[in-house]
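Subject: The structure you asked about

Hi there,

Below it I have written up what turned up when I went through it.

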Amino acid sequence: MDKLFFIINPLAASGRAAVVWRDCKHYLDRHHMEYEVFITSYAGHAAELAADLTGKEERSKEKTIVVIGGDGTLGDVISGIHVSAEVTLAYLPGGSGNDFARSNHLAVRPVKRLKQILRKKRVVWMDYGIISYIQGELHQRRFAVSCGVGMDAAICRGIQSSPLKNFFNRIHLGRFVYIGVGLKHIFCEKPYSARLIVDGVRKIDLDSVRFISIHVHPSEGGGFRMAPHAECQDGQFDLCVVSCKSRLHLIRIMLAALVGRHMRMKGVHIIQCVTATFRTDRPLCVHTDGEDCGHLDDFTVLCERRKLKMIL
């Protein structure tokens, strides 16, 4: 196989990504394989590294970039890659959620996953999402797995500052951080009203909304199958809208979503679309792949069909 380029977030999952890279490095060195490593050192650095690796004269050179980190790191790399670049991406799960790996049934053991990448047997073209919003100027960000507005985004923000995060990541139970922080936000977050404009024509008014998650892949939050039928190659999102006034019923929905059994419950609606504009009654937390986008009350998402070349 040709030279590999690794972009690694060593802080993902409280240092788990660094351990994943250690195991992979031993294997690569033992087999005398050529590689180059880039370590992220601040938020957004992965996007900058990806842009440098695929920009200007590098754009026409075929290369394979392997991402080691969480879903947010993968989303950053996808955001940074130049659209016209000859690049193939691969992902080694090293985060706390790892929903991309879960949705695509990737091996979680580092060396086993590395061997899958090196064999390059399964290469597919995948969809990704783009969120666009204005905060002084136009901002755009690509996402690999999901985007969300409301409670799920507030939970993602809360997880970043939770003192429980490091403990549960060390014992490989990152999902329980989501559950613990989630219970807090179920009782703190107030429902909101929203207007959706779907595919530019269909208007949908929603009340008592707890959150809306926008999916390229089925899972988010470390295994909550909010959109169990989402397909990453069909050119459209699955939007999961959760609307209910009762906190107890919301807890039931979330528990059922752990195994994707919430679809027929009252207050749960799935909307499929290529593009959607969201206008909410107040600024709310928004996330892409678990990364905070700030508080927004007006934004648009677009699904780009099969624009991402990935080794599975």
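A residue is called buried when its relative accessible area is under 20%. Please keep in mind that this is a predicted model.

Strand β1 (residues 4-8) pairs with β3 in the parallel sense through 5 bridges, and Phe-5 has Ile-65 as its bridge partner in β3. β3 and β4 also run parallel, joined by 7 bridges.

Is Thr-88 buried or exposed? Its relative accessible area is 5%, so Thr-88 counts as buried. Leaving aside residues up to four places away in sequence, Thr-88 touches Lys-63, Thr-64, Ile-65, Lys-120, Lys-309 and Ile-311.

Lys-120 from that list comes up again, as the residue that follows helix α5 and has a positive phi, near 55°. In α5 (residues 110-119), the buried residues are Pro-110, Arg-113, Leu-114, Gln-116, Ile-117 and Leu-118. Their cover includes β1, α1 (16-30), β3, β4 and β13.

Now to the nonpolar cores. The largest one has 58 residues, and those with the most contacts inside it are Leu-89, Leu-196, Phe-278, Phe-299 and Val-301. Strand β13 (residues 291-311) gives the most to this core, with 7 residues. A second, separate core holds 18 residues, including Ala-17, Trp-21, Tyr-27 and Leu-118. In soluble globular proteins, nonpolar side chains tend to be buried together.

What does Phe-278 touch, not counting residues up to four places away in sequence? The list is Val-149, Arg-195, Leu-196, Ile-212, Ile-214, Leu-239, Asp-297, Asp-298, Phe-299 and Val-301.

Helix α3 (residues 71-80) is largely enclosed by the rest of the structure, because 9 of its 10 residues are buried. Those buried residues are Asp-71, Gly-72, Thr-73, Leu-74, Gly-75, Asp-76, Val-77, Ile-78 and Gly-80. In helix α9 (residues 247-257) you will find Ala-257, which is buried because its relative accessibility is 0%. Apart from residues up to four places away in sequence, Ala-257 touches Gly-223, Phe-224, Arg-225, Met-226 and His-262. Ala-257 and Ser-219 are 38 residues apart in sequence, with 9.3 Å between their C-alpha atoms.

How many cavities of 30 Å³ or more does a search of the whole structure find? The search finds 1. About 40 Å³ of space lies in the largest cavity. Its lining is made up of Gly-150, Met-151, Glu-189, Lys-190, Tyr-192, Arg-210, Arg-282 and Leu-284. By type, the lining residues divide into 3 nonpolar, 1 polar and 4 charged.

Happy browsing, and do write back with any questions.

Best wishes

Conventions: Residues are numbered from 1 along each chain as its sequence is written. This is a predicted model: local features need pLDDT of at least 70, side-chain atom pairs count only at pLDDT 80 or more; totals for chains, interfaces and linings use all residues. Side-chain values use heavy atoms; hydrogens and water are left out. A nonpolar core is a set of buried Ala, Val, Leu, Ile, Met, Phe, Trp, Tyr and Cys residues joined through side-chain atoms within 4.5 Å. Buried means under 20% relative accessible area, exposed over 50%, partly exposed in between (1.4 Å probe, protein chains only). Helices (H or I, at least four residues) and strands (E, at least two) are DSSP runs, numbered from the N terminus. Contact means heavy atoms within 4.5 Å. On a 1 Å grid over the protein atoms alone, a cavity is a set of points where a 1.4 Å probe fits but cannot get out, and a pocket is an open set with protein on both sides within 12 Å along at least five of seven lines; lining residues have an atom within 4 Å of a point. Grid points are joined across faces, edges and corners, and a volume is the space filled by probe spheres set on the points. Ala, Val, Leu, Ile, Met, Phe, Trp, Tyr, Cys and Pro count as nonpolar, Asp, Glu, Lys and Arg as charged, and the others, Gly among them, as polar. Two strands pair if DSSP finds at least two bridges between them.
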